[in-house]
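User: Can you walk me through this one? I have the sequence and the model open.
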Amino acid sequence: MLTCKEVSKLVSESLEHPLPFRQRMGVRLHLMMCSMCRAYQKQTLLLRAAMRTYARHEPSEPLSEQARQRIKNALKTDGK
Ligand SMILES: [Zn+2]
């Protein structure tokens with residue numbers, strides 16, 4: 001049985017590269033029983049997703065004219 005410390009390390013590691021089957025199973029088993037590590041995993045995944053989104057939109061994707069217009073219109077209709 002993995003400890004919480006090991007699981008948190010493996011969760012981070014699993015973002016870098018796929019874990020070997022045995023470790024993956026160990027993590028999964030632990031997560032089923034440990035809400036703390038589940039929360040940790042969820043946060044880690046969210047953070048990664050956010051960072052990916054950020055990375056994708058940065059640094060060189062200026063808004064298209066269309067998008068800019070859409071935002072302008074949205075702001076206008078929102079401001080009543
Ligand atoms: Zn745990």
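Analyst: Start with the metal site. In sequence, the donor residues of the zinc ion are spaced C-x25-H-x3-C-x2-C. Keep in mind that this is a predicted model.

User: Which atoms coordinate the zinc ion?

Analyst: Four of them: SG of Cys 4, NE2 of His 30, SG of Cys 34 and SG of Cys 37. They sit at 2.0 to 2.3 Å.

User: And what is the geometry of the zinc site?

Analyst: Tetrahedral, with angles of 103 to 112° among the four donor atoms. For reference, the ideal angle for four tetrahedral donors is 109.5 degrees.

User: What does the pair Cys 4 and His 30 tie together?

Analyst: Parts that are 26 residues apart in sequence, because Cys 4 lies in helix α1, residues 4-16, and His 30 lies in helix α2, residues 21-33.

User: What does His 30 touch, leaving out residues up to four places away in sequence?

Analyst: Met 1, Leu 2, Thr 3, Cys 4, Val 7 and Cys 37. Two of those, Cys 4 and Cys 37, are also zinc donors.

User: How many disulfides are in the structure?

Analyst: Zero, from a search of the whole structure.

User: Switching topic. What is the overall secondary structure of the chain?

Analyst: Four helices and zero strands. Along the sequence, the pattern reads α-α-α-α.

User: How much of the chain is buried?

Analyst: Of the 80 residues, 15% count as buried.

User: What share of the contacts comes from residues 24 or more positions apart?

Analyst: 54%, counting contacts in the protein chain with a separation of 6 or more.

User: Which residues make up the largest nonpolar core?

Analyst: Eight residues: Val 7, Leu 10, Val 11, Leu 19, Val 27, Leu 31, Cys 34 and Cys 37. Helices α1 and α2 each supply at least two residues of this core. The largest share, three residues, comes from α1. Cys 34 and Cys 37 also coordinate the zinc ion.

User: Pick Leu 31. What is it in contact with beyond its neighbours within four places in sequence?

Analyst: Leu 31 contacts Val 7, Cys 37, Arg 38 and Gln 41. Val 7 and Cys 37 belong to the core as well.

User: And Thr 44, where is that?

Analyst: Thr 44 is in helix α3, residues 35-57.

User: Is Thr 44 buried or exposed?

Analyst: Buried, with a relative accessible area of 13%. Setting aside neighbours within four places in sequence, Thr 44 contacts Val 11 and Leu 15. Val 11 is one of the core residues.

User: Now charges. How many salt bridges does the structure hold?

Analyst: One. Glu 13 pairs with Lys 9, and the closest N and O atoms are 3.4 Å apart.

User: How are Glu 13 and Lys 9 placed in the helix?

Analyst: They are four residues apart in helix α1, so about one helical turn separates them. Glu 13 is partly exposed at 24% relative accessibility. Lys 9 is exposed at 54%.

User: What about Arg 24? Where is it?

Analyst: Arg 24 is in helix α2. At 38% relative accessibility, Arg 24 counts as partly exposed.

User: How far is Arg 24 from Val 7?

Analyst: 9.6 Å in space, C-alpha to C-alpha. In sequence, Arg 24 and Val 7 are 17 residues apart.

User: Last one, Met 36. Buried or exposed?

Analyst: Exposed, at 67% relative accessibility. Met 36 is in helix α3.

User: Give me a quick recap of the zinc site.

Analyst: The zinc ion has donors from Cys 4, His 30, Cys 34 and Cys 37. The site is tetrahedral.

Note on methods:
Residues are numbered from 1 along each chain as its sequence is written. This is a predicted model: local features need pLDDT of at least 70, side-chain atom pairs count only at pLDDT 80 or more; totals for chains, interfaces and linings use all residues. Side-chain values use heavy atoms; hydrogens and water are left out. Donors are N, O and S atoms within 2.8 Å of the metal (3.2 Å for Na, K and Ca); water is not among the atoms, so sites may look incomplete. Four donors count as tetrahedral if all angles lie between 85 and 135 degrees; four count as square planar and six as octahedral if opposite donors are over 155 degrees apart and all others between 65 and 115; anything else is irregular. A disulfide is a pair of cysteine sulfur atoms within 2.5 Å. A salt bridge is a side-chain nitrogen of Lys or Arg within 4 Å of a carboxyl oxygen of Asp or Glu. Buried means under 20% relative accessible area, exposed over 50%, partly exposed in between (1.4 Å probe, protein chains only). Contact means heavy atoms within 4.5 Å. A nonpolar core is a set of buried Ala, Val, Leu, Ile, Met, Phe, Trp, Tyr and Cys residues joined through side-chain atoms within 4.5 Å.
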